[in-house]
Amino acid sequence: MSDRQVIHGMVYKIRTGISWRDLPERHGPWKTVYTRFRRYALDGVFTRALQQIQARADAAGDIDWLVQIDSTIVRAHQHAAATGRKGGSIGRTNRTITPSADPGED
């Protein structure tokens, strides 16, 4: 099995989102592709490759480093809270926690 085959298998898996076991046979045994992917990830191979690609693109002026921040507010729907009706709790009791007496005071 060639390195190119394995890399193509990794790219195919990431691009399609399939599970490792569903990787087509043309990419070789899925366990081999998964093992190599995991090893590369742990060794930082993908991070270093991305950094090199970005450095080359930046040197060539191909990257616009403009940063945009989205200030959209996302709120949970009222039914997302697990409180039950009219503010009551479901299956929970409201307990007041009181400190225990100091055993040295007796």
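Helices (H or I, at least four residues) and strands (E, at least two) are DSSP runs, numbered from the N terminus. What you have open is a predicted model, in which local features need pLDDT of at least 70 and side-chain atom pairs count only at pLDDT 80 or more, while totals for chains, interfaces and linings use all residues. Residues are numbered from 1 along each chain as its sequence is written, and side-chain values use heavy atoms, with hydrogens and water left out.

Zoom out for a moment to the protein chain as a whole, whose secondary structure comes to 3 helices and 0 strands, with the elements running α-α-α from the N terminus on. Of its 106 residues, 13% count as buried, where buried means under 20% relative accessible area, exposed over 50%, and partly exposed in between (1.4 Å probe, protein chains only). The chain exposes about 9800 Å², of which carbon and sulfur atoms supply 52%; accessible areas come from the Shrake-Rupley method with a 1.4 Å probe, and for residues only the protein chains shown count as cover.

**Helix α2, residue by residue**

Return to α2 and colour V33, R36 and Y40, the buried residues of this helix. Seen down the axis of α2, these buried residues fall within an arc of 70°, so they line one face of the helix; the arc is that of the directions from the helix axis to the C-beta atoms. An α-helix has 3.6 residues a turn, so residues three or four places apart point the same way. The face turned away from the buried side carries the exposed residues K31 and L42, whereas what covers the buried residues of α2 includes α1 and α3.

Next, select R36, which counts as buried at 15% relative accessibility. Leaving aside residues up to four places away in sequence, R36 touches D3, V6 and M10, where contact means heavy atoms within 4.5 Å.

T35, in the stretch 30-43 that forms α2, counts as partly exposed at 42% relative accessibility. Display its side chain together with the backbone of K31, for a polar atom of the T35 side chain lies 2.6 Å from the backbone oxygen of K31. A polar contact is a pair of N or O atoms within 3.5 Å; within protein, one must be able to donate a hydrogen and the other to accept it, and residues adjacent in sequence count only if both atoms are side-chain atoms. Moving past the end of α2, you come to G44, whose phi is positive, near 80°.

**Across to helix α1**

Now select residues 3-16, helix α1, whose 14 residues reach 20 Å from first C-alpha to last, close to the 20 Å expected at 1.5 Å a residue. The buried residues of α1 are V6, G9, M10 and K13. Viewed down the axis of α1, they fall within an arc of 95°, so they line one face of the helix. They pack against α2 and α3 (45-59), while R4 and R15 are exposed on the other side of α1. G17, which follows α1, has a positive phi near 80°.

**The loop and the core**

Select H27 in the loop between α1 and α2; this residue is buried, with a relative accessible area of 7%. The side chain of H27 reaches the backbone nitrogen of G9 at 3.4 Å, and H27 touches M1, Q5, H8, G9, Y12 and V33, not counting residues up to four places away in sequence.

Then select V6, M10, W20, L23, V33 and Y40 together, the 6 residues of the largest nonpolar core. To this core α1 and α2 each supply at least two residues. A nonpolar core is a set of buried Ala, Val, Leu, Ile, Met, Phe, Trp, Tyr and Cys residues joined through side-chain atoms within 4.5 Å. Within the selection, centre on W20, which touches K13, W30, V33, Y34 and F37 when residues up to four places away in sequence are not counted.

**Last stop: helix α3**

Finish on α3, whose 15 residues should span 21 Å at 1.5 Å a residue, in agreement with end C-alpha atoms 21 Å apart. Just after α3, G61 takes a positive phi of about 80°.

Notes:
The expected span of a helix is 1.5 Å times one less than its number of residues.
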